[in-house]
Amino acid sequence: MPDSSRANGGADSPDQRWMAEALLLAGAAAAEGEVPVGAVAVFEGRVVGAGRNAREARRDPLAHAELEAISAAARVLGRWRLTGVTLYATLEPCAMCAGALVNARVDRVVFGAADPKAGAAGSVLDVLGERRLNHRPKVTAGVLEAECAARLTAFFRERRV
């Protein structure tokens, strides 16, 4: 993963704090029968956008947690250029979400669990590190990775039973 780092931070790191917030949103999504992915957009130390998967409830393929969070952040900040924003997501963004993060000029993307089937921050594609694009957010992978992965694993295990 170019321009990426893998770090879990210390026990009291801001990355872990905000990822814990995203995990709460993922839990709410799971409680509603949605794939448990949560995301928060943080600007200057405060949450300016939050989202969770809602594709099933809305019957909308665009209702991904990351898109919900960046749309909310744009409304709160009153601008589409989300410079200064860090997006925390419990799962590695897909190509659609990664493209939106690039176009929104998000400064940094932090995710928990890698997505070996659809991840676009280095697992399958590396949209966030694509040098031909006009913007490349910094990427930190693996924050609260075990917790994020466990939530997804439990959800899909229950669905298969």
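## Exercises on a predicted model

In strand S3, Gly49 is the bridge partner of Ala41. This model is predicted: local features need pLDDT of at least 70, side-chain atom pairs count only at pLDDT 80 or more, and totals for chains, interfaces and linings use all residues. Residues are numbered from 1 along each chain as its sequence is written, and side-chain values use heavy atoms, leaving out hydrogens and water.

**Exercise 1.** Find how strands S2 and S3 pair.

Step 1. Strands (E, at least two residues) and helices (H or I, at least four) are DSSP runs, numbered from the N terminus. Two strands pair if DSSP finds at least two bridges between them.
Step 2. S2 covers residues 38-43 and S3 covers residues 46-52. They pair in the antiparallel sense over six bridges.
Step 3. Two residues lie between S2 and S3, which form a hairpin. Glu44 in the turn has a positive phi of about 50°.

**Exercise 2.** Count the disulfides.

Step 1. A disulfide is a pair of cysteine sulfur atoms within 2.5 Å.
Step 2. The count by this rule is zero. For Cys94, the nearest cysteine sulfur is that of Cys97, 3.7 Å away, and Cys94 is in no disulfide.
Step 3. Cys97 is in no disulfide either.

**Exercise 3.** Is Cys97 buried or exposed?

Step 1. Buried means under 20% relative accessible area, exposed over 50%, partly exposed in between (1.4 Å probe, protein chains only).
Step 2. Cys97 has a relative accessible area of 0%, so Cys97 is buried.
Step 3. Cys94 has 18% relative accessible area, so Cys94 is buried.
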